[in-house]
Amino acid sequence: MALACTVFSVPSANAAPKTKKLKLNATKKTLTAGSKFTLKVKKVTPAKASKKVTWKSSKKTVAAVSSKGVVTAKKAGTAKITAVSKSNKKVKAVCKITVKAAKSQTQVSQPPAASAPAPSSPAVQTPAPGTSSEPAKTPDSTPKATPSIELPESALKDYTDFKMGTVVNYDKTQDINFTALAKQQFDVVSFENEMKGYLLDVEASKAGNGDPVCNFNQADEMVQWAVDNGLKVRGHVLIWAASTRDAFFYEGYDTSGKLVDKETLLKRMKSYEETVITHFEEKFPDTVIAWDVVNEAIDPNAEADATTGLHLNTGGNKYYQILGGEFIKYAFQFAREAVEKTGKDIKLFYNDFNTFQGNKTDCIIDLINYLNKDKKLLDCMGMEGYVLTYWPEPSDVGKAMNRFAECGVQVGINELCVRLNDNIAKGKTVSEKDIEAHAEKFKKMFEVYCTFAKEHPDTLTNVSIWALFDRPDLIDNKTHYDYEVYGTHSGLFTEDFVAKKAFFNVLDVLKAYKEG
């Protein structure tokens with residue numbers, strides 16, 4: 001901040017020295033269009049100087065570079081990627097990137113069909129009530145690029161009788177290398193944000209008849225990607241205050257007005273859930289095999305709700321503000337009714353984090369019993385799996401899984417991620433011992449899952465990996481974490497699609513599970 005007075009600055013005796021020279025992990029690199037490569041600062045002089053740099057590309061249309069040094073090859077040509085020291089703008093290092101055009105897949109021509117009928121004029125399709133969409137895109141007949149990575153010899157999905165999955169965003173579905181890996185390794189995918197309450201089209205809803213209107217364009221594109229690659233989809237999530245557009249709760253979908261009354265919100269919830277579930281089943285039959293109906297609603301430290309007896313997270317939750325604790329049962333009732341109308345076996349989940357902690361496990365069991373008391377509304381308990389190398393004990397997760405199964409529901413591991421933590425990131429690099437701990441934790445977690453699957457046949461629905469690749473933002477307490485110094489370890493693969501020891505540990509556990 002600017003100061004109103006003049007001050008004298010005195011250099012600190014402990015100030016870090018300025019960078020005099022820096023060296024990258026590559027000075028030149030040849031990539032195939034569509035592939036990626038991560039540049040890193042390999043060495044600085046003096047050794048105690050900062051390795052932090054800013055990245056620039058001389059030709060972004062050929063090769064773009066992110067703030068983390070991830071180079072994305074765009075099209076054939078050459079570009080220079082320059083790293084500029086943040087502590088000394090005069091110090092730079094350059095890597096020359098050569099991008100080659102991706103090889104095209106061989107096109108196999110088909111003989112013309114005999115007496116092929118002339119195409120009829122397409123009928124003008126009117127969106128179904130509760131939906132809005134842009135005109136369908138003409139299929140791209142351009143030959144698809146060939147993946148430039150070497151895939152593992154074995155696939156995780158080949159050694160399980162539960163589904164192996166991962167969590168993706170839109171950008172991942174546009175990456176030919178990721179697509180090849182996902183198709184080889186997994187049975188099912190979830191989307192990070194694209195099937196949440198953001199589907200609500202606020203402006204179209206304002207102009208409608210009062211029922212919520214959805215825009216499915218991007219979600220449809222992603223589900224079609226899943227279909228094209230033989231993947232099923234878990235829908236995430238129907239009713240969650242944190243991902244519901246605020247306009248959903250207001251009269252006329254106008255946040256400057258009043259909150260709707262109970263009757264109006266119930267009508268909107270019912271319409272929204274039926275619209276979403278029906279849309280995906282009709283457009284992509286048998287693809288969306290499950291829905292997280294409600295997400296992260298339990299707070300074991302909260303007082304019991306007077307009506308339901310449940311311990312609920314009420315902060316900022318307008319569903320609770322308008323409907324009270326019963327909003328959860330309404331959400332599952334409407335989802336169950338919508339699924340029954342499809343005539344399909346679409347599983348309904350409640351999803352939450354830290355479900356292995358005893359008091360939270362107790363509160364979730366109360367929720368399961370509450371929802372399934374008169375009619376089974378909840379099919380499966382979804383356990384998010386964010387863990388650290390030292391916490392929790394895998395056996396505690398197994399105990400919670402057993403307790404949920406005893407309630408008569410299936411169990412799914414929906415977002416497994418093994419993170420590093422700031423305890424190993426204080427003044428030292430990530431060591432081989434740390435990487436071993438990361439791989440070992442993945443192994444121990446999968447041993448628990450496989451033991452559960454053996455003891456409870458047909459009860460474990462899926463294990464889905466979140467953060468399949470190393471991501472520096474997943475370090476616990478990341479304010480103390482400098483990924484350029486400490487490395488990036490969280491997933492089963494490096495950012496360059498190289499399988500890590502964690503991958504092979506998981507593969508070994510799954511192979512033993514199938515054999516025995």
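This note goes through the structure in numbered points, from the whole chain down to single residues.

1. Basis of the model. The model is predicted: local features need pLDDT of at least 70, side-chain atom pairs count only at pLDDT 80 or more, and totals for chains, interfaces and linings use all residues. Residues are numbered from 1 along each chain as its sequence is written, and side-chain values use heavy atoms, with hydrogens and water left out.

2. The chain as a whole. The protein chain has 12 helices and 19 strands. Both are DSSP runs numbered from the N terminus, helices being H or I with at least four residues and strands being E with at least two. Of the 516 residues, 49% are buried; buried means under 20% relative accessible area, exposed over 50%, and partly exposed in between, with a 1.4 Å probe and protein chains only. The accessible surface comes to about 26100 Å², and carbon and sulfur atoms hold 50% of that. Such areas come from the Shrake-Rupley method with a 1.4 Å probe, and for residues only the protein chains shown count as cover.

3. Contacts along the chain. A contact means heavy atoms within 4.5 Å. Among the contacts with a separation of 6 or more, 73% are between residues 24 or more positions apart.

4. Nonpolar cores. A nonpolar core is a set of buried Ala, Val, Leu, Ile, Met, Phe, Trp, Tyr and Cys residues joined through side-chain atoms within 4.5 Å. The largest core has 110 residues, and Phe280, Phe446 and Tyr449 touch the most other members. Apart from this core lies another, of 25 residues, including Ala33, Val62, Ala73 and Val91. Not counting residues up to four places away in sequence, Phe280 touches Met195, Leu199, Phe216, Ala219, Asp220, Val223, Pro285, Val288 and Trp291.

5. The four-strand sheet. Four strands form an open sheet in the order S2-S9-S8-S5, with mixed pairing. Strand S2 (28–32) and strand S5 (53–57) are the edge strands, and each pairs on one side only. From one strand to the next, the twist averages 25 degrees; axes are lines fitted to C-alpha atoms, for helices over the stretch in contact, and angles run from 0 to 180 degrees between N-to-C directions. Two strands count as paired if DSSP finds at least two bridges between them. Strands S8 (residues 77–85) and S9 (residues 92–100) run antiparallel and are joined by eight bridges. In this pair, Val84 stands opposite Lys92 in S9.

6. The three-strand sheet. Another open sheet has three strands in the order S3-S7-S6, with antiparallel pairing. Its edge strands are S3 (36–38) and S6 (63–65), each pairing on one side only. Neighbouring strands here are turned by 20 degrees against each other on average, direction ignored. Three bridges join S6 to strand S7 (residues 70–73), and Val65 has Val71 in S7 as its bridge partner.

7. Helix H2. Eight of the 10 residues of helix H2 (residues 176–185) are buried, so H2 is largely enclosed by the rest of the structure. Among the buried residues are Phe178, Leu181 and Gln185. Their cover includes strand S11 (163–168), helix H1 (170–173), helix H4 (217–228) and helix H12 (501–515). At the start of H2, a side-chain oxygen of Asp175 comes to within 2.8 Å of the backbone nitrogen of Asn177.

8. Strand S19. Six of the six residues of strand S19 (residues 460–465) are buried, so S19 is largely enclosed by the rest of the structure. S19 pairs with S11 in the parallel sense over four bridges, where Lys163 stands opposite Asn462. Strand S18 (residues 410–419) also runs parallel to S19, joined by three bridges, and there Leu416 stands opposite Ile465.

9. Two buried residues. Met445 is found in helix H10 (residues 432–455) and counts as buried because its relative accessibility is 1%. Leaving aside neighbours within four places in sequence, Met445 is in contact with Val387, Pro394 and Val397. Thr355 is found in the loop between strand S16 (347–352) and helix H8 (358–371). Thr355 has a relative accessible area of 0%, so Thr355 is buried. Under the rule that leaves aside neighbours within four places in sequence, Thr355 is in contact with Thr361, Ile364, Met381, Met383, Ala400 and Phe404.

Notes:
A polar contact is a pair of N or O atoms within 3.5 Å; within protein, one must be able to donate a hydrogen and the other to accept it, and residues adjacent in sequence count only if both atoms are side-chain atoms.
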